[in-house]
Amino acid sequence: MRITGITTHVVGTPWRNLTYVLVHTDEGLTGVGETRMLGHTDALLGYLREAEVNHIAGSDPFAVEDLVRRMKYGDYGRAGEIVMSGIAVIETACWDIKGKALGVPVWQLLGGKVTDRVKAYANGWYTTERTPEAYHEAARGVVARGYRALKIDPFGDGHLELDAEKSRYAVSLIEAVRDAIGPDTELMVEMHGRFSPATAVRLAHELAPFRPAWLEEPVPPENLKALRKVADKVDLPIATGERIHDRIEFRELFESQAVDVIQPDLGHIGGILESRKLAATAETHYMMVAPHNVGGAVLTAASLQLASCTPNFKILEHFNDFADAEITKIVHGAPRVDPETGCFEISHAPGLGVELDVDAAAAFPQQRAHFDLWAEGWERRAPK
């Protein structure tokens with residue numbers, strides 16, 4: 001079997017574009033991959049056009065390791081977000097092809113499943129008025145849909161520092177959410193790399209009474225010594241990793257022991273097997289895995305393939321019940337959260353278990369999507 005070519009399909013919303021890639025073969029099998037780029041969609045499409053000629057066309061889709069190696073190193077330049085995301089969509093699609101050809105789910109090819117269900121946490125649910133009352137009501141709605149965990153960034157457009165008034169307001173939002181969801185629902189606090197270590201530590205102490213399940217990306221991701229300062233001074237679990245684009249770059253993070261939960265994005269870090277290797281290394285450092293998952297149904301399905309065969313997998317992020325829920329219509333077999341358990345059930349369908357509906361995708365053309373986390377009102381995900 002050989003790859004004959006690829007086709008790309010961009011599904012647009014006002015705040016994000018999702019890029020889907022179909023990998024076609026000479027035996028009629030087609031695989032699908034997905035990633036979400038912020039502001040770099042056209043750059044990704046340009047890279048994929050070149051990579052199709054230089055690396056992808058003519059390759060054996062079963063030889064995933066070889067194709068990834070050539071795409072990553074065969075152009076000599078150092079692979080960053082765009083290249084690793086391009087690798088991810090092709091790699092994921094190759095696993096989809098391989099599973100379909102063999103009649104088994106991808107997790108069966110990666111060692112077999114260790115769980116039948118994967119806990120989900122909701123994100124994108126607080127696109128409402130930024131008040132304690134509105135957030136209380138929205139959070140109750142999340143729990144009513146069966147979720148046992150949810151995440152929120154309550155800090156507005158905070159950057160490096162957050163003054164006393166804004167800090168009290170952020171804490172009031174978390175207090176309202178905790179009151180709405182009760183003591184047993186997990187509440188993740190997202191900081192989006194906003195703060196200096198001193199500010200992050202202060203806020204962590206102020207939020208501690210509401211028992212956050214983790215503190216996510218408290219400082220910008222480039223400086224691990226700054227993250228270490230936070231980890232040394234707070235008692236909450238620390239989560240980070242969505243903006244690391246190569247598993248090799250995780251090495252110093254592991255060595256620092258400054259993190260409890262790593263959050264690779266399968267769509268940015270080279271795909272399923274690259275993430276599985278990373279998860280195995282995390283396991284040797286007693287760290288849990290909770291992938292960043294802000295894409296659509298294909299990326300969710302790929303993340304669930306990883307989850308099902310990974311012993312140290314904690315929980316999976318899910319946007320598509322809340323932000324842009326209509327885009328799930330473009331994927332047949334889209335994973336769903338069971339309202340009775342708050343979990344995804346593991347699919348036993350061959351490959352990823354999902355199919356892209358190209359005609360349905362055409363109803364969501366590429367947008368001039370712009371998402372600025374330092375702009376007032378960003379949480380509404382409705383840029384002007």
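Of the 384 residues of this protein, 59% count as buried. The model is a predicted one. Its fold comprises 12 helices and 15 strands. The radius of gyration is 20 Å, close to the 21 Å given by the globule rule for 384 residues, so the protein is as compact as a globular protein of that length.

**Overall form and surface**

- The C-alpha trace spans about 60 × 40 × 40 Å along the principal axes of the protein.
- Among contacts between residues at least 6 apart in sequence, 73% join residues that are at least 24 apart.
- The accessible surface amounts to about 15400 Å², and carbon and sulfur atoms account for 50% of this area.

**Nonpolar cores**

- In soluble globular proteins, nonpolar side chains tend to be buried together.
- The largest nonpolar core of this protein contains 118 residues, of which I90 and W125 touch the most other members.
- Helix α3, residues 81–102, supplies the largest share of this core, with nine residues.
- Another core, also lying in this protein but apart from the largest one, consists of nine residues, including Y121, A149, V261 and A290.
- When neighbours within four places in sequence are set aside, W125 is in contact with Y135, A138, A139, V142, L150, K151, I152, V177 and F322.

**Loop residue G241**

- G241 is situated in the loop between β8 (238–240) and α9 (251–256).
- With a relative accessible area of 2%, G241 is buried, because buried residues are those under 20%.
- Apart from neighbours within four places in sequence, the contacts of G241 are F250, Q263 and P264.
- G241 and A88 are 153 residues apart along the chain, and their C-alpha atoms are separated by 16 Å.

- Is N312 buried or exposed? Its relative accessibility is 6%, and N312 therefore counts as buried.
- Not counting residues up to four places away in sequence, N312 touches A279, A282, E283, M287, M288 and V289.

Note on methods
Residues numbered from 1 in each chain as written. Predicted model: local features only at pLDDT ≥ 70, side-chain atom pairs only at ≥ 80, totals over all residues. Heavy atoms only, no water. Helix = DSSP H or I, 4+ residues; strand = E, 2+ residues; numbered from the N terminus. Rg over C-alpha atoms; globule rule 2.2 N^0.38 Å. Buried < 20%, exposed > 50% of the residue type's maximum accessible area, 1.4 Å probe, protein only. Contact = heavy atoms within 4.5 Å. Areas by Shrake-Rupley, 256 points an atom, 1.4 Å probe, with all protein chains shown as cover. Core = buried A, V, L, I, M, F, W, Y, C linked by side-chain atoms within 4.5 Å.
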